Amino acid sequence: MSYSEKYETVIGLEVHIQLSTKTKAFCGCSTEFGASPNTHVCPVCLGLPGALPVLNRKALEYSIKAAIALGCDIQQKMKFDRKNYYYPDLPKNYQISQFDMPLAYNGRVSIILEDGSTRDIGITRAHMEEDAGKLLHAPEEDSSYVDLNRTGTPLLEVVSEPDMRSPHEAHEYLVTLKKTIKYLDVSDCNMEEGSLRCDANISMREKGAAEFGSKVEIKNMNSFKAVKDALTYEEERQVELLEDGEKIAQETRQWDEKNNITSSMRTKEETQDYRYFPEPDLVPFEISRELVKKIQDTMPEMPGVKKDRFRNEYRLDEKSADILTAEKDIADFFESVVAEINDPRDVSNWIKGEVLMHMNECNTDIRGLNLRAADLAKIIRMAKDGTISGLAAKETLSACIDTGKDPADIVKEKGLKQVSDESELEGIIKEVISRNERSVNDFKAGKENALSFLVGQVMKLSKGRANPKLANEMLRKKLL
Amino acid sequence: MKEDLSDINAYKNWLIARAEPLTSVAAMLVDRASRIDKDIHAFAAIDAEAIVRRASRFEKKDGKGRLWGVPVAIKDNICIKGELTTCGSRILEGFRPPYNATVIEKLQSEGALLMGRANMDEFAFGSSCETSCYGPTRNPMDLSCIPGGSSGGAVAAVASGQVVAALGSDTGGSIRQPASLCGVVGFKPTYGRVSRYGLIAFASSLDQIGPITHNVADCATMLEVISGYDEKDSTSVDIEVPRYTESLSKGVKGLTIGIPSEYFTGGIDKDVSERVNEAIKVLEGLGVKTVDISLPHTKYAVSCYYIIAPAEASSNLARYEGVHYGRRSPDADDLIGMYIASRNEGFGLEAKRRILLGTYSLSSGYYEAYYLKALKVRTKIANDFNKAFDVCDCVLTPTSPTTAFKLGERMDDPLKMYLSDIFTISANLAGLPAITVPCGEGRNGLPVGLQLMARPFAEDVLIQVAHAYEQKR
Amino acid sequence: MGNNINNKFITEEVVRYVARLSRLSLDDEGVSRFQHQLANILEYIEQLNEVDTKDTLPTTHAMSSIKNVFREDELKGSIPLEDALENAPQRHGNFFKVPKVI
């Protein structure tokens with residue numbers, strides 16, 4: 001873009017991660033997604049008079065785990081504060097959050113830039129807080145409806161330094177952050193379901209300027225793509241204004257997905273005065289180094305380390321290693337299959353290709369596919385040793401995923417066994433040769449393509465069961 | 001035999017001798033209370049049907065339970081499941097909590113007969129029980145006077161003999177000051193000794209529930225019943241509950257009592273200082289040693305409290321706006337309008353004053369100068385006591401600088417009203433246990449109270465000293 | 001007590017700001033009355049500045065020895081829908097109903 005010579009984009013992201021504990025941050029209600037309205041509530045999360053919060057130990061442990069993975073310094077002492085503001089999805093009209101003594105400071109996320117180099121994006125802090133409920137708007141009436149199921153769900157808010165310099169970097173930050181957190185199994189990190197939410201801050205300044213420009217906050221981005229698009233739009237909008245000599249208003253804007261623009265939200269006359277003060281209903285917390293070490297010892301091998309190991313140990317290329325380590329479950333699955341059939345490259349291809357395709361089609365993750373590693377290994381072995389053709393192997397995999405049956409049984413039931421017996425193919429070969437005189441002559445004249453066509457005809461006549469390699473050899477022998 | 005509500009044991013003996021089903025006893029108690037209460041208005045309302053219904057549930061039980069059948073008044077800010085609990089405020093009109101406060105569960109498991117909703121200053125903001133939306137309570141000792149507050153109703157119910165005991169709440173003296181002005185025993189436990197789960201919060205770091213009784217022995221029994229760790233309250237302390245009743249017989253020989261000079265300066269009624277000094281003599285006669293001590297930051301206690309308490313209250317009361325419960329104003333078209341109208345109509349003047357004061361001291365630009373400063377002064381006040389307890393077992397002071405004042409006398413002067421709590425506030429700021437026992441009357445015939453404060457979790461020492469004094473008087 | 005001295009502690013403008021933050025609305029008479037009363041109280045509270053707290057830590061919790069109170073991640077304590085909505089001033093099916101959020 002032409003303006004990138006004159007202006008520098010400065011982006012910071014605030015990401016809210018919903019922790020996948022069984023119960024809420026301060027009470028024993030379920031955090032299960034999609035329940036019938038107001039059925040996972042109690043006096044505490046309803047904000048009833050007299051109810052009191054008690055911190056969920058697991059929420060703290062998951063938060064510490066996430067903060068460690070993000071390279072943060074876990075504080076020895078932390079406390080909770082009240083953030084006071086009025087909204088109907090916040091029954092107490094204050095949110096229990098952390099202000100000046102949060103869980104962690106000073107982390108980083110390593111992203112890969114467009115030119116392949118890596119850069120660290122700083123994390124200013126990570127703190128714990130409780131989620132609010134859901135507000136639904138009734139268009140016909142002048143009313144809104146409140147569902148408090150989500151109120152009190154534990155969140156970890158991760159605030160980045162304003163280190164990102166392009167929408168692409170912001171996108172990469174989110175992708176990497178999600179990958180890292182998902183590895184820990186502490187959150188579903190699903191933007192569509194709301195277990196990962198993102199607000200952005202963006203400003204533009206002339207290259208070389210010491211100060212930041214006016215910061216604009218962007219909300220209502222519901223996917224990683226939306227974040228990238230919204231920031232791209234904002235860059236252009238702000239540059240246009242600056243070039244026209246106008247000032248950028250420091251405000252909050254929302255992303256309008258339908259029209260691909262950001263629009264100003266109602267500007268508040270005064271910035272919110274949250275009147276933070278220490279939460280008197282919760283005691284302070286001391287996080288011992290022993291606890292941090294205990295949690296650190298439960299950390300899985302993280303994506304970066306795993307990827308390097310896959311490249312070395314399994315001799316995979318960069319791209320394959322990337323795909324296979326994108327999710328911990330896929331990486332674990334890969335290694336389980338390789339343990340059964342020691343051909344990493346083949347296994348890699350199968351997973352990158354067919355398995356991922358099935359996952360997309362069924363709109364599920366590797367666990368949801370219900371495919372046993374041993375079964376995939378069997379299929380790959382059968383394809384390798386010629387028992388079934390490549391095509392039949394794909395068919396077997398589909399059936400295996402659908403029915404859960406043993407691949408050997410499927411091959412038998414569907415009669416997919418490849419014909420690799422010369423005598424069995426003899427008849428078909430003869431038939432094909434007799435029916436396709438022109439192609440036969442073409443091949444004899446030197447056209448290799450004609451042979452491929454003839455092999456194809458053998459496959460057709462044998463209903464895909466002929467071993468194509470054998471068919472090729474036999475045709476060649478007969479015709480030459 | 002005439003009913004005897006003067007103490008737990010006398011009442012239980014009477015109940016057994018009466019040999020009547022609990023439901024008819026309950027009906028009689030309700031009837032009696034309604035008659036007595038006509039002039040006093042200790043109760044916001046007496047729900048006769050609910051009380052008799054509760055009695056019928058207990059009838060099926062076998063009569064075991066330390067408080068079986070004992071009528072106990074409950075301040076209108078302690079949640080009783082399914083019963084109206086409104087904190088003396090219009091904004092909680094119609095509110096019935098779907099759960100019991102932990103202390104209610106404890107009382108009921110000992111068979112206590114809960115007599116319902118004792119009147120109180122709205123949201124516990126007050127020292128006279130005049131700001132309730134149900135109208136004021138009067139002092140049973142002199143109907144033209146206030147009973148004190150905010151637990152004025154609970155105290156008046158005990159003092160007028162309508163119940164044997166009551167539960168109140170104490171944030172800056174709300175149990176002790178009225179108990180002193182009406183001539184009964186009132187106890188504020190150490191912060192964290194009694195669960196706050198189900199106590200509708202005023203100032204979370206200061207509130208405690210405590211018993212109001214005719215005598216110290218009953219107070220010890222009540223304390224044993226309601227104290228204890230509660231996993232639903234993060235601020236409740238996991239320390240074993242001693243048998244406080246065992247402290248009754250210990251006597252006071254060898255104990256040292258500190259007399260702080262700051263509590264005996266000008267501004268106290270002459271009657272009050274005379275009665276309290278007489279009490280000191282009685283205690284010395286029993287073998288107590290007295291030492292002069294200084295609590296130099298006493299004079300800052302009221303200021304410190306009136307920053308911290310309203311600040312926490314302003315946040316605790318933010319939830320009352322008619323969305324999920326309570327009174328919603330019919331006059332609003334939009335959300336913010338609804339918030340404002342509901343709160344305007346629902347809160348009384350003192351509540352609004354404290355909310356404004358509290359919001360102010362937390363707001364941007366003022367937090368350091370006010371709230372943070374007050375929290376630091378609080379440390380100093382607590383340290384004064386720490387030092388004092390190096391040289392004494394408990395501290396003795398008057399409970400209130402005056403006897404009961406007239407209805408309406410201080411309503412237009414908030415600051416003067418706040419200063420009624422000057423002797424009781426420090427115990428809340430420092431989290432200390434404190435008791436008030438009657439120690440005589442002024443020339444006007446109105447009761448004077450003696451306060452004792454002790455180290456955290458030294459409730460037993462207070463019981464020990466207070467009982468010995470009470471028996472000797 | 002003249003207005004000038006009073007205003008030093010809190011002005012009518014600040015009273016209005018604080019009222020907005022607290023979702024209270026005051027008419028002119030109310031603003032004036034509260035301004036006087038609050039100014040009186042704040043003037044009294046000024047005495048806190050006499051205390052040297054340079055090296056003093058704030059006390060946010062009365063029992064400073066209590067730390068690290070937790071509950072375990074177990075399902076407990078949820079109440080039935082009808083209990084949750086019982087006190088709702090207005091409801092729509094299983095939702096709390098409020099005037100539209102603009």
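Of the 473 residues of chain B, 65% are buried (20 or more other C-beta atoms within 10 Å of the residue's own, with C-beta atoms placed from the backbone). The model is predicted: local features need pLDDT of at least 70, side-chain atom pairs count only at pLDDT 80 or more, and totals for chains, interfaces and linings use all residues. Residues are numbered from 1 along each chain as its sequence is written, while chains are lettered from A and ligands numbered from 1 in the order in which they are written.

Chain B holds 15 helices and ten strands. These are DSSP runs, numbered from the N terminus: helices are H or I, at least four residues, and strands are E, at least two. The radius of gyration of chain B is 21 Å, close to the 23 Å of the globule rule for 473 residues, so chain B is as compact as a globular protein of that length. The radius is taken over C-alpha atoms, and the rule is 2.2 Å times the number of residues to the power 0.38. The C-alpha atoms of chain B fill a box of roughly 65 × 65 × 45 Å along the principal axes.

Chain A and chain C also meet. The contact takes 37 residues from chain A and 30 residues from chain C (C-beta atoms, placed from the backbone, within 7 Å). On the side of chain A that touches chain C, β10(A) gives the most, with five residues. β10(A) pairs with strand β3 (residues 95-99) of chain C, antiparallel, over four bridges; pairing requires at least two DSSP bridges. Within β3(C), Lys97(C) is the bridge partner of Tyr145(A).

Key. A residue is buried if 20 or more other C-beta atoms lie within 10 Å of its own, exposed if 12 or fewer, and partly exposed in between; C-beta atoms are placed from the backbone. Two residues are in contact if their C-beta atoms, placed from the backbone, lie within 7 Å.
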